[in-house]
Amino acid sequence: MHRLLVTYPAPADAAGFMDYYVARHVPLARTLPGLMGCRWMRPAALGPGEAAHFLIFEADFADEATMLAALQSPVGAQVAADVPNYSPGGATLMHFAVPQG
């Protein structure tokens, strides 16, 4: 399995970010071809201060080629183009093979 990990910085309008993200962006992301499953979470710092990321999104694909094809698809282009609508600070994308065992 291969995982896409997306992190977001703290927005100026957290409520507006969350409203748009949950109602519009996540449903769009769920239409990525080859997507096996996805989830998002709001991390909390373990200790003093704020968490390093406002929100984290994970998406699972069968393999790296399937993930790359999804990101390069028309839906992938729509998902990427939608990010500025709720996150003016953008997003950071990473990916990795998920170890088995």
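**Strand pairing and aromatic contacts**

Leu4 has Ala59 of strand S3 as its bridge partner. The model is a predicted one.

**Strand S3 and its partners**

- Strand S1, residues 2–8, runs antiparallel to S3, and seven bridges join the two.
- Strand S2 also runs antiparallel to S3, and here the number of bridges is five.

**Burial of strand S3**

- Strand S3 covers residues 55–61, and because seven of its seven residues are buried, the strand is largely enclosed by the rest of the structure.
- In a regular strand, side chains alternate between the two faces of the sheet.
- In S3, Leu55, Phe57, Ala59 and Phe61 point one way, whereas Ile56, Glu58 and Asp60 point the other way.
- The residues pointing in either direction are all buried, Glu58 and Asp60 among them.

**Aromatic pairs**

- A pair of aromatic rings is described by two quantities, the distance of the centres and the angle of the planes.
- The count of aromatic pairs in the model comes to nine.
- In one of them, the ring centres of Phe17 and Tyr86 are 5.1 Å apart; the planes stand at 80 degrees, which is over the 60 degrees required, so this pair is edge-to-face.
- Phe17 belongs to helix H1 (residues 14–29), while Tyr86 lies in the loop between helix H3 (74–82) and strand S4 (92–97).
- Because Tyr21 lies in helix H1 and Trp40 in strand S2 (residues 37–41), the pair ties together parts that are 19 residues apart in sequence.
- Tyr21 is buried, with a relative accessible area of 1%, whereas Trp40 counts as partly exposed at 32% relative accessibility.

**The aromatic cluster**

- Phe17, Tyr86, Tyr21 and Trp40 belong to one aromatic cluster, which also includes Tyr8, Tyr20 and Phe54.

Terms used. Residues are numbered from 1 along each chain as its sequence is written. This is a predicted model: local features need pLDDT of at least 70, side-chain atom pairs count only at pLDDT 80 or more; totals for chains, interfaces and linings use all residues. Side-chain values use heavy atoms; hydrogens and water are left out. Rings of Phe, Tyr and Trp (its six-membered ring) pair if their centres lie within 6.5 Å; planes under 30 degrees apart count as stacked, over 60 as edge-to-face and the rest as tilted. Helices (H or I, at least four residues) and strands (E, at least two) are DSSP runs, numbered from the N terminus. Buried means under 20% relative accessible area, exposed over 50%, partly exposed in between (1.4 Å probe, protein chains only). Two strands pair if DSSP finds at least two bridges between them.
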